[in-house]
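We'll walk through its sheet, its ligand shell and its core, one piece at a time.

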Amino acid sequence: MSTPMTGPVPPDHPDHDAEQTLDADSVLAREEAGGLLVDGSLEEGRLGGAASPVLEEPVLSVRDLNIVYEVGEGVHAVKDASFTLRRGEILGLAGESGCGKTTLAYGLNQLHRPPARITGGTVTFHDRDDGSEVDVLALQGQSLRTFRWSTVAMVFQGAMNSLNPVLSIRSQLNDVLTTHRPQMERAERRRRSEELLELVGVDRDRIDAFPHELSGGMRQRVMIAMALALDPQLMIMDEPTTALDVVVQREILQEVLRLRKELGFAVVFITHDLPMLLEISDRIAVMREGRIVELDTAENLYFAPQDPYTRRLLGSFPSLTGEAGDFVRAGFGDAEQVERAEQAEHAEQADQEATA
Ligand SMILES: Nc1ncnc2c1ncn2[C@@H]1O[C@H](COP(=O)(O)OP(=O)(O)O)[C@@H](O)[C@H]1O
Ligand SMILES: [Mg+2]
């Protein structure tokens, strides 16, 4: 059995074992989770003038990306996807199950595998460190591994369950640094591991704990810490908090919003939860049957959706159209309002259950 763990590729990916043996003797990884919430959503209109961490300069440019699953007559899962992600920006990717969100995300750092094949298009990464333009789809071997580990961090659904159960949090954080920052001194690694844990809101004295001694939410925070260890410029989060309860999910999203403000990474955040995306995203891309049908600021998308499908999608969330949707209409980015709306919703649910 291979050791359960996390990594720059999903546990069931063919590159998984190769990455591990090449990368480290003990396993680990990073990835993370997160999203963002309300009080960090920084569009001026939403936060009353708070300085936005979103810069004009691009971090990732995707042009006419096409991905096909070569099975039977072929499934054209991603059709002519084009978008530019700015440094520090949170781009939400919405759309119903099966519309191609995960396939697109995988294509962004070449995690797709047969029968999936990229049949056209380009993905260009604009490196902050040396100003170079990286042709992501041309990366191979070691440079692809480095790219996946250090430059782009990815969190998969259920990532928190992929921590190694037999290693303490300390050794898992330490391993990432040992492998990818070999020049770092032991004491420095120790200090950095504790600092990372604190950064994601986990008390540093939990560092010697084992995964089973932590709650799901804390494990997901540890995953974020691991992802942050190498200071990525981009985080791709594919349904990272779907398995967590609403309160924990919200806390984690808030943490990620704060971190992105502090550290300046950009985020592609994928979820079928459109109401959540409206809260946390700077811009949202709506996907339908492999195509991005609309891409706009969260506000425009909510108040003035252009595509009929976006309108239908918005209409399919009672929380956006019912009373609890007031917070969205009243003002993006007011955390307290969101909380009140949620409490009202919960109270209503409790009432309904009580009378049922
Ligand atoms: N391994 C595969 N082989 C064939 N088709 C696939 C495979 N994986 C996904 N698909 C198809 O590609 C489309 C997009 O899937 P996916 O990217 O997982 O969507 P989402 O993440 O939005 O739910 C779906 O029609 C799905 O059935
Ligand atoms: Mg998916």
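## A hairpin to start with

In the hairpin made by strand 4 and strand 5, 6 residues sit between the strands, and Gly131 takes a positive phi near 70°. Helices (H or I, at least four residues) and strands (E, at least two) are DSSP runs, numbered from the N terminus. Two strands pair if DSSP finds at least two bridges between them.

A word on what you're looking at: this is a predicted model, where local features need pLDDT of at least 70, side-chain atom pairs count only at pLDDT 80 or more, and totals for chains, interfaces and linings use all residues. Residues are numbered from 1 along each chain as its sequence is written, while chains are lettered from A and ligands numbered from 1 in the order in which they are written.

## The sheet around that hairpin

An open sheet of 4 strands runs in the order 2-1-4-5, with antiparallel pairing. Its edge strands are strand 2 and strand 5 (133-135), and each of them pairs on one side only. On average, neighbouring strands in this sheet are turned by 5° against each other, direction ignored. For angles like this, axes are lines fitted to C-alpha atoms (for helices, over the stretch in contact), and the angles run from 0 to 180 degrees between N-to-C directions.

Here is how the strands of the sheet pair up:

| Strands | Sense | Bridges |
|---|---|---|
| strand 1 and strand 2 | antiparallel | 8 bridges |
| strand 1 and strand 4 | antiparallel | 8 bridges |
| strand 4 and strand 5 | antiparallel | 3 bridges |

Over in strand 5, Asp135 is the bridge partner of Thr124, and Val134 is that of Phe125.

There's another hairpin here too: strand 1 and strand 2 form one with 5 residues between them, and Gly72 in the turn has a positive phi of about 50°.

Which helix packs on the sheet? Helix 3 does, touching strand 1 (58-69), strand 2 and strand 4, and its direction makes about 60° with that of strand 2. Between helix 3 and strand 4 there's a loop that holds Pro115, and the peptide bond from Pro114 to Pro115 is cis, with omega near 10°.

## Around the ligand

Ligand 1 has 13 residues around it, and Tyr69, Ala77, Lys101, Thr102 and Thr103 come nearest. A residue is near a molecule or strand if its C-beta atom, placed from the backbone, lies within 6 Å of it. Strand 2 (75-86) and helix 3 (101-108) are the elements that give two or more residues to this shell, and helix 3 provides the largest share, 3 residues.

## The core

Now for the inside. Of the 356 residues of the protein, 46% count as buried. Buried means that 20 or more other C-beta atoms lie within 10 Å of a residue's own; with 12 or fewer it is exposed, and in between it is partly exposed, with C-beta atoms placed from the backbone.

The largest nonpolar core has 80 residues, and Ala225, Met235, Ile236, Val267, Val268 and Phe269 touch the most other members. Helix 7 (residues 216-228) gives this core its largest share, 8 residues. Such a core is a set of buried Ala, Val, Leu, Ile, Met, Phe, Trp, Tyr and Cys residues joined through C-beta atoms within 7 Å. In soluble globular proteins, nonpolar side chains tend to be buried together.

Take Ile236: not counting residues up to four places away in sequence, Ile236 touches Ala105, Leu108, Val152, Met154 and Val268. Two residues are in contact if their C-beta atoms, placed from the backbone, lie within 7 Å.

Helix 4 (residues 141-151) has buried residues as well: Arg148, Trp149 and Thr151. The buried residues of helix 4 pack against strand 4, strand 6 (152-155), helix 5 (169-180) and strand 7 (234-238).

Asp231 has a positive phi of about 55° although it is not a glycine. You'll find Asp231 in the loop between helix 7 and strand 7. Glu289, also not a glycine, has a positive phi near 45°, and lies in the loop between strand 9 (283-288) and strand 10 (291-297).
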